[in-house]
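Here are my notes for you to read alongside the structure.

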There are 2 protein chains.
Amino acid sequence: MSQLPQNRAAPATLPEKSTAATNLALRRVAIDTYRENVAYLHRDCAVYRAEGFQALSKVEVRANGRRILATLNVVDDASIVGCNELGLSEDAFLQLAVQDGHTASVSQAEPPESIGALYRKLAGERLGREDFHSIVRDIADLRYSKIELTAFVVATHRDELDREEVYYLTEAMVASGRKLDWHEPLVVDKHCIGGIPGNRTSMLVAPIVAAHGLLCPKTSSRAITSPAGTADTMEVLATVELPFEKLADIVREHRACLAWGGTANLSPADDVLISVERPLALDSPGQMVASILSKKIAAGSTHLVLDIPIGPTAKVRSMPEAQRLRRIFQYVASRIHLSLDVVITDGRQPIGNGIGPVLEARDVMRVLENDPRAPNDLRQKSLRLAGRLIECHPDVRGGDGFAIARDILDSGRALAKMNAILAAQGAKPFDHNHPQLGSLTFEVLAVESGVVTSIDNLQVARIARVAGAPKVIGAGVDLFRKLGDAVASGDVLYRVHASFQSDLEFARQACAKSSGYAIGQPDDIPHVFVEF
Amino acid sequence: MSQLPQNRAAPATLPEKSTAATNLALRRVAIDTYRENVAYLHRDCAVYRAEGFQALSKVEVRANGRRILATLNVVDDASIVGCNELGLSEDAFLQLAVQDGHTASVSQAEPPESIGALYRKLAGERLGREDFHSIVRDIADLRYSKIELTAFVVATHRDELDREEVYYLTEAMVASGRKLDWHEPLVVDKHCIGGIPGNRTSMLVAPIVAAHGLLCPKTSSRAITSPAGTADTMEVLATVELPFEKLADIVREHRACLAWGGTANLSPADDVLISVERPLALDSPGQMVASILSKKIAAGSTHLVLDIPIGPTAKVRSMPEAQRLRRIFQYVASRIHLSLDVVITDGRQPIGNGIGPVLEARDVMRVLENDPRAPNDLRQKSLRLAGRLIECHPDVRGGDGFAIARDILDSGRALAKMNAILAAQGAKPFDHNHPQLGSLTFEVLAVESGVVTSIDNLQVARIARVAGAPKVIGAGVDLFRKLGDAVASGDVLYRVHASFQSDLEFARQACAKSSGYAIGQPDDIPHVFVEF
């Protein structure tokens with residue numbers, strides 16, 4: 001059952017309905033429907049006929065003082081569910097916390113309370129604080145259907161939310177879940193809006209700032225559309241799925257952790273919304289701000305450095321767009337009392353050399369060990385971000401943070417801190433000199449001479465994913481050349497690693513379509529203005 | 001299996017893939033998932049593990065030279081589906097037209113071809129003709145997930161479509177299904193945009209115009225959110241689900257039919273879109289125009305009278321809004337070569353007295369039989385609509401239609417025509433003097449004296465639905481007073497009929513919340529300007 005979401009809100013607890021007419025015996029149907037609760041009723045079940053349900057109706061199931069909503073499937077096979085039984089998909093069954101055979105009642109589900117507010121948003125109205133709280137509560141309680149969720153996401157994307165509404169949404173998302181309190185005045189975090197492969201700075205920033213004494217309880221997500229998230233890469237080195245109390249102990253002892261955020265029930269409505277946003281590739285400013293800031297506030301952060309990379313294939317492609325996004329972040333952060341430092345960074349190409357969990361873990365460990373093969377861009381960016389966070393401390397003078405971070409890294413104190421964190425989280429054997437990469441490989445070569453004038457973040461990420469990352473942890477892309485590097489025709493641009501022949505073939509086809517690299521003259525390299 | 005959609009497009013026929021690696025034995029899983037194809041794989045199935053599917057992934061199943069898309073559910077019970085089997089929900093299984101045990105292959109589904117166009121619409125772009133054709137084709141082929149469908153519907157609602165785009169959408173929806181050709185120069189139809197309970201004019205207009213010799217092959221829908229659709233009411237009197245060829249024979253012999261439109265595969269993409277629009281109560285001008293006109297064009301109509309009721313609780317609430325809607329209808333109709341006559345009618349209250357299938361059938365038959373109890377508003381409105389259609393005939397002088405329609409009705413020729421149609425469609429016994437109404441009743445009384453100043457269409461419809469209509473055909477609301485009628489305190493405003501005690505209680509609660517009636521002075525009655 002490891003695929004079940006662990007951060008689901010507890011079902012509402014309610015008095016049992018008094019009507020006995022609809023009582024059935026619960027039965028666990030061993031079908032995993034992922035995040036969707038499904039109830040199964042036999043077509044000849046008296047309740048099904050009397051209530052006038054239709055297949056795909058939303059029904060409310062009550063048992064054991066709890067209530068869940070489910071989508072109804074109608075069954076014609078008594079071996080799956082009998083006439084006096086109510087079947088529930090695995091996860092739905094778990095939520096009721098009962099044994100097989102327990103009595104349950106089923107009725108037509110009332111529409112979610114907030115549906116009126118949703119309709120008003122669909123009609124183009126501006127919503128108020130109570131509207132957002134009501135909508136987000138229903139979303140976190142899984143009372144919205146996929147249709148209603150999608151309608152909310154589409155009706156609030158682009159410029160449909162003003163900044164005040166983004167603030168209400170953020171606040172409501174925080175309120176929908178748990179809020180951690182570390183009982184310290186300074187709790188730091190860093191976050192990147194995403195889109196740049198290999199950008200594993202968190203795994204360097206957290207040990208550096210923790211070595212300086214700052215509290216940095218870093219929770220990260222797994223990759224959804226990218227070849228690796230911080231949680232996927234960290235999982236190469238240690239366990240990342242930890243019970244929340246264990247996590248808190250590690251943070252208290254080592255001043256930092258690097259864990260998967262899914263166990264802590266932080267901003268659970270965000271996870272539900274993401275399940276709809278990702279398939280639609282929607283990433284609107286308002287939703288991005290609410291999603292990121294709600295997680296940080298819920299995690300108890302007081303100070304955040306936010307990384308907005310900018311480049312032709314980054315999420316943000318122009319400075320005005322980056323500045324506009326920054327203003328919304330700043331407005332909401334100030335309303336919600338989060339100290340925010342936004343940096344606009346170079347997002348023209350991947351950061352580091354490796355793309356994929358094992359390859360990225362290799363790069364991170366090489367930076368920590370001051371290995372000469374360590375990618376310098378990953379080192380420099382991490383030091384600058386860590387420096388910014390260190391300057392949050394009142395005893396550090398503005399401008400001194402970078403040098404302090406560099407000393408911590410060069411002296412080996414960052415490595416020692418990382419090793420302590422890894423040990424506490426249950427270290428796995430890993431040798432960056434011999435990373436366990438996918439053994440099936442091919443190389444992509446330069447077809448002309450010149451300098452590398454562009455690397456397409458999206459295409460390189462796609463190739464790494466097709467090769468198997470992040471599921472196959474040793475799969476991915478290892479970059480041999482970066483922007484501005486001189487290449488001769490026939491030089492290796494990058495090597496693709498896979499573990500399965502079919503993955504390798506798919507990756508080869510993706511590379512044949514487009515290598516993601518362009519070769520030209522130094523003047524062809526696009527310039528980018530950064531604020532960092 | 002009568003609940004399965006009958007107008008589904010045939011699955012694409014394709015050469016079998018050559019890879020044998022993913023072959024499994026098909027198994028029918030007796031679960032009815034309604035319009036959503038579901039595939040079931042055991043968690044330990046080698047294909048499931050190798051392909052890296054996730055629960056709720058969209059997969060492509062190929063067998064017997066056909067291809068369908070399905071949502072994946074993961075099963076942990078070998079009695080539902082074994083490790084070497086691929087389970088399919090009932091309807092999905094039927095689409096492949098094979099026996100249990102037939103070999104099938106399964107692979108990750110490619111995203112629908114039109115997904116790029118959908119993303120562009122989400123980003124606010126104007127789409128072209130090819131974009132709409134591509135999107136609508138994918139929708140009709142069931143290649144869109146619920147999330148993608150909803151995104152399309154929300155991204156094209158309100159003012160997101162300009163009138164040219166509405167035309168492209170209409171044209172694409174016609175092209176997605178069957179198009180009937182009656183081989184006559186004049187094929188007439190009438191349609192109402194909906195929202196007014198009891199508005200059963202089609203069942204009077206069709207026999208009147210057919211008695212005059214016009215061809216009127218009327219296909220109607222069942223109620224989705226209302227207490228009765230024309231198909232539901234007609235079904236009280238005769239069979240409405242007829243094979244298309246039978247329907248065509250009836251039309252050729254009697255010049256008209258009154259049947260359910262679901263068997264003819266007209267504009268199938270519309271039915272798919274409605275499955276998302278209805279739960280969201282979305283009814284935007286562009287989607288309404290495309291939905292209505294695509295069905296009419298597909299049904300082979302050449303002349304259409306369109307009824308837009310206007311009133312405080314109608315779909316359209318102001319004359320400017322009605323005129324704006326009319327302009328879009330007119331623009332698209334002219335592009336698509338449909339002769340269109342839009343009438344803007346009084347939508348301040350229900351039409352007729354009865355609301356619910358049997359009650360409405362009673363009103364219709366009383367009008368046809370010139371019974372003194374026949375509701376005059378239903379009679380007058382039907383005569384005017386029929387008159388407009390009769391004037392489509394080149395031999396009829398403008399202004400003469402109403403008198404011709406009245407003669408046909410008063411002379412009994414309309415009744416004779418209706419009886420002929422009923423007999424051809426398989427008449428059921430019905431006596432409007434003793435309609436089989438729900439035997440559980442209560443009455444709602446006036447609590448003060450005065451005149452009826454408003455009747456809330458939405459609330460009265462809600463009460464009729466809660467009482468059981470349209471599923472319970474004898475359930476509904478029988479109105480004793482209409483707008484402007486004088487009432488004394490204690491007079492009966494309406495009677496509610498139900499067949500089940502629980503329905504009666506729900507209806508009583510709904511009435512207690514709001515009776516839907518307001519009593520006041522004659523001056524309080526809202527005025528409405530009509531163009532009819």
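This is a predicted model: local features need pLDDT of at least 70, side-chain atom pairs count only at pLDDT 80 or more; totals for chains, interfaces and linings use all residues.

1. Another helix to look at here is H12 of chain B, residues 319-335, which lies across S12 and S13 of chain B and runs at about 165 degrees to S13(B).

2. Now for the sheet under those helices. The three strands form an open sheet in the order S9-S12-S13 (chain B), and the pairing is parallel. Strand S9 (188-192) and strand S13 (339-346) of chain B are at the edges with a single partner strand each, so one side of each has no neighbour in the sheet. On average, neighbouring strands of this sheet are turned by 20 degrees against each other, direction ignored. S9(B) is joined to strand S12 (residues 303-310) of chain B by five bridges, the two running parallel.

3. Next, the relation between the two chains. An RMSD of 0.2 Å is reached when chain A is laid on chain B by a turn of 179 degrees and a shift of 0.0 Å along the axis. The two copies are therefore related as by a two-fold rotation axis. Of the interface residues of chain A, 97% are also interface residues in chain B, so the copies meet through the same surface.

4. How many residues of each chain are in contact with the other chain? There are 35 residues of chain A in contact with 35 residues of chain B. On the side of chain A that touches chain B, strand S3 (31-32), strand S6 (66-75), H3 and H5 of chain A each supply at least two residues. H5(A) gives the most to that side, with six residues. By type, the residues on this side of chain A divide into 20 nonpolar, eight polar and seven charged.

5. Strand pairing also crosses between the chains. S3(A) and strand S6 (residues 66-75) of chain B run antiparallel and are joined by two bridges. Asp32(A) stands opposite Val74(B) in S6(B).

6. Helix H5 of chain B (residues 146-155) deserves a look of its own. Nine of its 10 residues are buried, so this helix is largely enclosed by the rest of the structure. Among the buried residues of H5(B) are Ile147(B), Leu149(B), Phe152(B) and Val153(B), and also Glu148(B). What do the buried residues of H5(B) pack against? In chain A, they pack against helix H3 (115-122), helix H5 (146-155) and helix H10 (268-277). In chain B, they pack against helix H3 (115-122), helix H4 (129-140) and helix H10 (268-277).

7. Strand S4 of chain B (residues 38-42) is mostly covered, five of its five residues being buried. In a regular strand the side chains alternate between the two faces of the sheet. Both faces of S4(B) are covered, with Val38(B), Tyr40(B) and His42(B) buried on one side and Ala39(B) and Leu41(B) buried on the other. S4(B) runs parallel to S6(B), joined by five bridges, and pairs with strand S7 (residues 85-88) of chain B in the antiparallel sense over two bridges. Ala39(B) has bridge partners in both strands: Leu72(B) in S6(B) and Leu88(B) in S7(B).

8. For chain A, the domain assignment gives domain 1 (12-108), domain 2 (115-175), domain 3 (188-425) and domain 4 (440-524). The centres of domain 1 and domain 3 of chain A, taken over C-alpha atoms, are separated by 42 Å. Gly438(A) is found in the loop between helix H16 (413-425) and strand S15 (440-445) of chain A. Gly438(A) is buried, with 24 other C-beta atoms within 10 Å. Among the residues Gly438(A) touches are Gly468(A), Val472(A), His497(A) and Ser499(A).

9. Finally, some backbone geometry to check. Most residues other than glycine have a negative phi, and most peptide bonds are trans. The peptide bond from Ala469(A) to Pro470(A) is cis, with omega near 0 degrees, and a cis peptide bond also joins Ala469(B) and Pro470(B). His183(B) has a positive phi, near 55 degrees, and is exposed, with 8 other C-beta atoms within 10 Å. Asn370(B) also has phi near 55 degrees, but is partly exposed, with 14 other C-beta atoms within 10 Å.

Key:
Residues are numbered from 1 along each chain as its sequence is written. Chains are lettered from A and ligands numbered from 1 in the order in which they are written. A residue is buried if 20 or more other C-beta atoms lie within 10 Å of its own, exposed if 12 or fewer, and partly exposed in between; C-beta atoms are placed from the backbone. Helices (H or I, at least four residues) and strands (E, at least two) are DSSP runs, numbered from the N terminus. Two residues are in contact if their C-beta atoms, placed from the backbone, lie within 7 Å. Ala, Val, Leu, Ile, Met, Phe, Trp, Tyr, Cys and Pro count as nonpolar, Asp, Glu, Lys and Arg as charged, and the others, Gly among them, as polar. Two strands pair if DSSP finds at least two bridges between them. Copies are superposed by least squares on the C-alpha atoms of residues with pLDDT of at least 70 in both. Axes are lines fitted to C-alpha atoms, for helices over the stretch in contact, and angles run from 0 to 180 degrees between N-to-C directions. Domain bounds come from an automatic or database domain assignment. Lists of a residue's contacts leave out its neighbours within four places in sequence.
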